[in-house]
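Please keep the sequence and the structure in view while reading.

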Amino acid sequence: MKNDTIAGQFELLADLLEIDGANPFRIRAYRGAARTISSASESLAQLAGDGEDLTQFQGIGKDLARQIVEYVATGQLASLEELRAKIPPGVLDMLRIPGVGPKKVAVFFRTLGLRTLAELKEACEAGRIAELKGFGKKTEAGILQNVDKAAENASRISISDARVIAESVVDDLRQLPEVLQCEVAGSCRRRRESCGDLDVLAVCSDPGPAMDRLAEHPAVDSVLLRGETKQRVRLKNGVEMDLRVVPEESFGAAMQYFTGSKEHNVEVRHRAKEKGLKVNEYGVFRGEEMIAGRSEEDVYASIGLPWIPPELRENRLEFAWADQGEMPELISLQQIRGDLHMHTTASDGAATIEQMAIAARDRGLQYIAITDHSQRVSMANGLDEQRLLQHWEEIRAVNDSIEGIEILCGIECDILEDATLDLADEVLAEADWVIAVLHYGLRQPHDQIMQRLLNAVRNPHVDIIGHCTGRIIGRREGADMNMMDVLRAAADHGVMMEINAHPSRLDLSEIHAAAAAELGIPIVISTDAHSTEGFDVMQYGVDQARRAGLTAEGVANTRDLQEFRSLLRSS
Ligand SMILES: [Zn+2]
Ligand SMILES: [Zn+2]
């Protein structure tokens, strides 16, 4: 269990307490604890498991320490469950509206008795929010403008949350002797950026125990329906999960059918029909006779197709590739050799240069770039010229002292609102690796955003554009830009493009990453790690690259350091 997961539970607890009108000191204590936990360089779960005294951490008293141990051991917090029972999930969804925090939500819920986003929308339309003390027409209009988007986001979860839950359910069910096979299907298997529901398929000698076990899973809130072969549950995060029990001889057909996408399956059925076959969730049929179904490979082969990786099943290019015999050999996590975006205690990271380097080496990486923030990001302790030069000196010293990994001197340099870079060219010229990024002024008009990105691309010291659109999935739209123009300029100037692997960013999208690759731009998949466990997100970036149809060849950080360097514009 990650520190961020534990910290997230305490943040949630603090939000719920605030909505509930609890003592401000208590709320502050939980928020402080969340900060401490997420910036700790050691794994709290491990320390708790080893019976270490957690009160050694600042702001963690006896009671908080006990709750961390409770959460690590059981995956639940009694205090959180109590509040959840009092405050409907729809009330928490209100926090998804920009500018609406727990204090405002407390008024909506406790003063007006609003329980869902739909009720909040109605109240706005009736002018009841503007009438509240401390609110006004502007707040009301802001809510109305964003409430539908918030509702849409509320019904989806990130791919990382989806995978953690779905995979834990599958692992859990596989423990049962009655469960012979069990897999995740649906959009989660296709590694979509976010999932609106979850699908699990199983082959069972007796479905009862599997359904009982799912109903008792700590992530499950309630059972919505239970039939002979299908059970639907609502998870605590509001998303629904279906467990389907299928016959063994249909397992492959069911996996194919329930993995989707809908668009992909329309084409599969169409191709089957042309061969006089019928495909459904039970198998492939010629008349009454079932000719395939046990495995996905058989299902695809029966209609003349190779097995298609789930990440590609969107009816984009996968059928053309199949017809030409050119199904790409998609990149895999094991092929990644370097990570070129990460932070240390010099800016807002939790670990030192040395800790990051050793953790990266332990994961089999051959090289990394340390890329702390530049001065503009003052709330993350961004580096000015002087501190940066000193930081690079430290990086070189650590590099000399550690065997088995190369550490590059990098910087994540802000592209300022006026389209200049946050550091002087003479300084950037000294770096091994410069990532240029937008952090501030993301809502500037289209032309200004383009000016900023194009200026950065034209700067001879910039090696790559990081998290290009600036979007936060489900929470913040990207800046207003023409991605194709940015990509064409990047291609012209030999600038690389990042897939930021953090599951809340996944920026570039798979469509834009595919377009970049098409233009011959080397893609770099980076974790943007802010702690040693931050390296874990690499898999999400790799999945995004797979959805873009990328091979190892198209991803620069699959090369060894020497080859990677030869791709840099300055080389
Ligand atoms: Zn950044
Ligand atoms: Zn960063």
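## Strands, metal site and cores

Strand 5 (residues 220–226) and strand 6 run antiparallel and are joined by 5 bridges. The model that shows this pairing is a predicted one. Between strand 5 and strand 6 there are 3 residues, and the two strands form a hairpin. Leu225 has Arg232, in strand 6, as its bridge partner.

Strand 6 is also paired on to strand 7 (residues 240–245), again through 5 bridges and in an antiparallel sense. Across this pairing, Arg234 stands opposite Glu240 in strand 7. The hairpin of strand 6 and strand 7 has 4 residues between the strands, and Gly238 takes a positive phi near 95° there.

The domain assignment divides the protein chain into five parts: domain 1 (1–83), domain 2 (88–154), domain 3 (157–245), domain 4 (257–323) and domain 5 (333–566). The C-alpha centres of domain 1 and domain 3 are 27 Å apart.

| Metal | Protein donors | Distance from the metal | Spacing in sequence |
|---|---|---|---|
| zinc ion (ligand 1) | Glu412 (OE), His439 (NE2), His467 (NE2) | 2.0 to 2.2 Å | E-x26-H-x27-H |
| zinc ion (ligand 2) | His341 (NE2), His343 (NE2), Glu412 (OE), Asp528 (OD) | 2.1 to 2.2 Å | H-x1-H-x68-E-x115-D |

Around the zinc ion (ligand 2), the 4 donor atoms subtend angles of 81 to 166°, and the arrangement is therefore irregular. His343 lies in the loop between strand 11 (338–339) and helix 17 (353–362), while Glu412 lies in strand 13, so this pair ties together parts that are 69 residues apart in sequence. Both His343 and Glu412 are buried.

Which residue coordinates both the zinc ion (ligand 1) and the zinc ion (ligand 2)? Glu412 does so, and the two ions are 3.5 Å apart. Glu412 lies in strand 13 (residues 406–414) and His439 in the loop between strand 14 (433–437) and helix 20 (446–458), so the pair ties together parts that are 27 residues apart in sequence. His439 is buried, as is Glu412.

The largest nonpolar core has 101 residues, and Leu198, Ile465 and Ile525 have the most contacts inside it. Helix 10 (residues 159–174) gives the most to this core, with 7 residues. Because domain 3 (157–245) and domain 5 (333–566) both give residues to this core, it lies between them.

Leaving aside neighbours within four places in sequence, Ile465 is in contact with Ala436, Leu453, Ala456, Val457, Val495, Met496, Met497 and Glu498. A second, separate core has 49 residues, among them Ala48, Leu77, Ile87 and Leu114. In soluble globular proteins, nonpolar side chains tend to be buried together.

Terms used: Residues are numbered from 1 along each chain as its sequence is written. Chains are lettered from A and ligands numbered from 1 in the order in which they are written. This is a predicted model: local features need pLDDT of at least 70, side-chain atom pairs count only at pLDDT 80 or more; totals for chains, interfaces and linings use all residues. Side-chain values use heavy atoms; hydrogens and water are left out. Donors are N, O and S atoms within 2.8 Å of the metal (3.2 Å for Na, K and Ca); water is not among the atoms, so sites may look incomplete. Buried means under 20% relative accessible area, exposed over 50%, partly exposed in between (1.4 Å probe, protein chains only). Domain bounds come from an automatic or database domain assignment. Four donors count as tetrahedral if all angles lie between 85 and 135 degrees; four count as square planar and six as octahedral if opposite donors are over 155 degrees apart and all others between 65 and 115; anything else is irregular. A nonpolar core is a set of buried Ala, Val, Leu, Ile, Met, Phe, Trp, Tyr and Cys residues joined through side-chain atoms within 4.5 Å. Contact means heavy atoms within 4.5 Å. Two strands pair if DSSP finds at least two bridges between them.
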